[in-house]
Amino acid sequence: MRSRKKKFPLDASTNNTFDPQSLFNLSKGIAVLASNERLMDVAATREVVESYLSSPESFKKDFVQAILKIGLIQVKTGHGEGGEIRTLYSHIDNSRA
């Protein structure tokens, strides 16, 4: 079993601090996650990233609000609820189909 204690930093320079450094890196073409890199491919999301770069406090405030909203989502878990818990995130459990 793999250790869950290993973490991959999303921002190598300030990986122990919550700050918009990863957005700055993203604007310079440095992204750890492919999904983050895609934010710069669309004008609308690129504008959002750029607006947060000019207003780091706004980024922090909006991020907190987003996390609070995610916490309200009723996550479906297990087979009885119609959800799925994946152990290998890149694959869907086809045995349930």
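Trainee: What makes you say Asp19 touches other residues, and which ones are they?

Mentor: Contact means heavy atoms within 4.5 Å. Leaving out residues up to four places away in sequence, Asp19 touches Asp11, Thr14, Phe59 and Lys60. Keep in mind that this is a predicted model, where local features need pLDDT of at least 70, side-chain atom pairs count only at pLDDT 80 or more, and totals for chains, interfaces and linings use all residues. Residues are numbered from 1 along each chain as its sequence is written, and side-chain values use heavy atoms, with hydrogens and water left out.

Trainee: Why is Asp11 called buried?

Mentor: Buried means under 20% relative accessible area, exposed means over 50%, and partly exposed is in between, using a 1.4 Å probe and protein chains only. Asp11 has 5% relative accessibility, so it counts as buried. Its contacts, again skipping residues up to four places away in sequence, are Asp19, Gln21, Ser22 and Asn25.

Trainee: And why does Thr14 get a label of its own?

Mentor: Thr14 comes out at 23% relative accessibility, so it counts as partly exposed.

Trainee: How do you know which residues UniProt lists under "binding site"?

Mentor: From the record: an unreviewed UniProt entry lists Asp11, Thr14 and Asp19. Its positions are given in the numbering used here, feature names are shortened, and annotations may be inferred rather than shown by experiment. Asp11, Thr14 and Asp19 also belong to the lining of the largest pocket.

Trainee: What makes something a pocket, and what volume does the largest one have?

Mentor: On a 1 Å grid over the protein atoms alone, a pocket is an open set of points where a 1.4 Å probe fits, with protein on both sides within 12 Å along at least five of seven lines; lining residues have an atom within 4 Å of a point. The volume is the space filled by probe spheres set on the points, which are joined across faces, edges and corners. For the largest pocket that gives about 670 Å³. Of its 27 lining residues, the closest to the centre are Leu10, Ser22, Leu23, Asn36 and Phe59.

Trainee: What makes a lining residue nonpolar, and how many are there?

Mentor: Ala, Val, Leu, Ile, Met, Phe, Trp, Tyr, Cys and Pro count as nonpolar, Asp, Glu, Lys and Arg as charged, and the others, Gly among them, as polar. By those classes, the lining has 17 nonpolar, seven polar and three charged residues.
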